[in-house]
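Reader: Please show me the model. I would like to go through its contacts, helices and strands in turn.

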Amino acid sequence: MPTLSLVPPRASTGAGQVDALYGYLLVVGIAMTVLIFVVVVFFALKYRRKSPDEPPPKPIHGSIPLELTWSVIPFLFMLVMFAWGTKLYFDNYTPPRDTLDIYVVGKQWMWKVQYPDGQREINELHVPTGRAVKITLASEDVIHSFFLPAFRLKHDVVPGSYQTFWFQATLPGRYHIFCAEYCGTNHSRMIGWVTVMEPVAYQNWLAGSATGASMAEQGQKLFDQFGCVTCHVTDSQGRCPSLRNVFGNPVQLEDGRTVVANEAYIRESILNPNAKIVKGYKHDVMPVFQGQISEDNLLQLIVYIKSLSASTAAPAKAAATQVQKQ
Amino acid sequence: MSTTLPHAPTEERVNYLNADYGWQSWLFTTDHKRIALLYLFSITAFFFVGGAFAVGMRLNLLRPDGLFQHDTYNKLFTMHGIIMVFFFLVPSIPATLGNFLVPLMIGARDLAFPRINLLSWYIYIVGGVFALTAIVRGGVDTGWTFYAPFSSTYSNTHVILAAIGVFVSGFSSILTGLNFIVTIHKMRAPGMTWGRLPLFVWAHYATSLIQVLGTPVIAITIVLLGLERILHAGIFDPALGGDPVLFQHLFWFYSHPAVYIMILPGMGVISEIIACFSRKAIFGYGFVAFSSVAIAVLGFLVWGHHLFVAGQSMYASMVFSFISFLVAVPSAIKVFNWTATMYRGSISFETPMLYAFGFIGLFTIGGLTGLFLATMAIDVHLTDTYFVIAHFHYVMVGGMVLAFLGGIHFWFPKITGRMYPENWARIAAIIVFVGFNLTFFPQFIVGYLGMPRRYATYAEEFQVLNVLSTAGASILGLGYLIPMIYLAWAWRKGPRAPQNPWHAKGLEWENSPSPPPTFNFDEQPIVTEEAYNYAGEVQVGRH
């Protein structure tokens, strides 16, 4: 890596777009700075006091047209910044429909990465080029921030919730992962590498790191182990609602509201089941799992429950095959 | 009226400094000018404490693998932030120059509540003692932002002591603001209409509104933090049922307006200096005055731009981004009007004016880089990197500290009755300017390259820029020490100052001797002209 470059490597489709906007801001910013600098220096020299008893100059009290000019014109340039920046921001944080999902758990002071096929890594992230990758972030303790400078992206990792963002890598290579939110003693050691690979190389890497059980299979094992299966039987005869075809669909609650069963809803329903009760079911039937289950396991359970929905059936294998198709 | 001609060396007449002697006359004083000096010495001491932590940080960052233990470094940047923000920047200009000058500028004998003014200094000192105790007993490592749940559950350091320090000192800030608001409303001299107020007073009025309305929120936030840390009430920590993003909303609801508490008074100082050394009325007085109020009001509506990557709703982020651009407009208006004031002026280059030039340049860069952070997609990359550090220091050091130094030099003859050595002061101003830029400009670049803030160790490719930054910091440090020495010398040995050495307009110069007597004016001033009437007839204290 060159020692004195002014921009980090550009390794995603978004990086170039952010750099273009940055370029616009730099041009406007430098033009304004130079303008003010030149005018101030020019006035200072031209109107310098030539003798100590120079008569005081005539006052100029102001000018409405000038005030409007130097309020409105800069504001128009700022409106472009606002609109452009907002568009890019919405793009960066709104994942497309079909993504390769990777799960990242932050804890003091490491990044734990899980892949749908069950591979696991610490402080390393492998992604293929040419495919939209969605990162889901969870924290086991304090707030962290998952920062990928080569992709011009970061997102805070907020305990108690899932945060997501996505990117499409373009340039194979190894790039920094930094924790950007101060998280205690070894904050500056909570770093790692993202490796961008060509699809074929990525496929080989996945095969070489396979562990046997996909995330969904591991989730299914937990589903049995925690006894979930005894009530959440797969037909709708149990004491608790069936979980087949729940994920991604609307759920009617006993208080009349309807919510969409997304990751946040499933997470809450596992950790604190009484928060939202499905219409027709009772309070206090299911034990509270808050503090009983690790973030890693929770993600596996969610991936399993996702896999029970027709629309996202067998996500793990599907993701792998789609990579192969590239 | 005035019995002394502007140029005649002043006799050592009875003034606020020699009216009384002994420590009681200082520690029990209710004279706003003496209280201003109590504050001046206290904040200067805190400035050098905070500066010492910065020296430690810059030394550590000379090498990618650091010099100190990680915990030590984490405490250094935390205590640098806490001391500089809460015990230097917030009170810096309002409690010193503002305290000294607001009554003099509006033609009042003192602030509305002199005893509350003294109380505010004692509260500030009590808060400072808590913060210093936290430091002496081993320090704090949460960052000055105290983000939960790290601060409430995970940190093993003296969080509560430091938080009490911030909590307590906040009340000093509220009382100062309250005092200014009442004083400016009720104690203006006959003829001192709102349209004739010096812009320094307008800036302090706007600042006071933020102090009174914003500071209670940080107090509440700290109480909630304490409840969670001590009693494990679930407010911010999700493991206890709380919401960590709530803390950030509450914290920035105060702390973003607080950056305007820190910069607005500096803008007031710059308006006075530019008018005086251009010998000209401020261009667009009304726009400059109301832009202070606009900044104060809009400043309350932009806190969410600190949360673009924190999991806040995208639509909320969009609104906060838009208002953040709006607040840039009144700041730009000020810069343009100061520049236009110099047009066809009669400009001289004494030290205060050099600091004003520095302020315009550095504040412009600080303001424009703020636009990068208001632009959401750019902020995603830049937030929590050194770019933010550079931006913040361009505004707070390049802006506020330069304005403070400019103001101290400008009113030094008024405060002490002595002149400072002009050549030394000019050299120091240039050293500060050069050292500042060398320290902080490389941080914009290393920030865009991706170096996160609060890193005790860093990737090797960032070393060159960090070494440049440390080199700059040593020059900047020298630039701070030189004025300490010559100002201390000039206070005792400097040549006596005439009442109005700069031929400045304003009641503090034209109607009150240097140094002023305890009750400021020998006779009640009556105001018959606009502020900055440099072109008008010289009317010293006319009745």
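Reader: How many residues does the contact take from chain B?
Author: This is a predicted model, where local features need pLDDT of at least 70, side-chain atom pairs count only at pLDDT 80 or more, and totals for chains, interfaces and linings use all residues. Residues are numbered from 1 along each chain as its sequence is written, while chains are lettered from A and ligands numbered from 1 in the order in which they are written. Contact requires C-beta atoms, placed from the backbone, within 7 Å. Chain A gives 74 residues and chain B gives 72.

Reader: Which helix gives the most to the side of chain B that touches chain A?
Author: Helices here are DSSP runs (H or I, at least four residues), numbered from the N terminus; strands are E runs of at least two. Several helices of chain B each supply at least two residues, among them α3 (70-89) and α9 (244-278). The top contributor, with 13 residues, is α11(B).

Reader: Are α15(B) and α16(B) roughly parallel or roughly antiparallel?
Author: Their axes, lines fitted to C-alpha atoms over the stretch in contact, come within 7 Å and cross at roughly 155°. Angles run from 0 to 180 degrees between N-to-C directions. Under 35 degrees counts as roughly parallel, over 145 as roughly antiparallel, 65 to 115 as roughly perpendicular and the rest as oblique. The pair is therefore roughly antiparallel.

Reader: In β3(A), which residue is the bridge partner of Lys112(A)?
Author: Strands pair if DSSP finds at least two bridges between them. β2 (residues 110-114) of chain A and β3(A) pair in the antiparallel sense over 3 bridges. Lys112(A) has as its partner Ile122(A).

Definitions and conventions. Contact = placed C-beta atoms within 7 Å.
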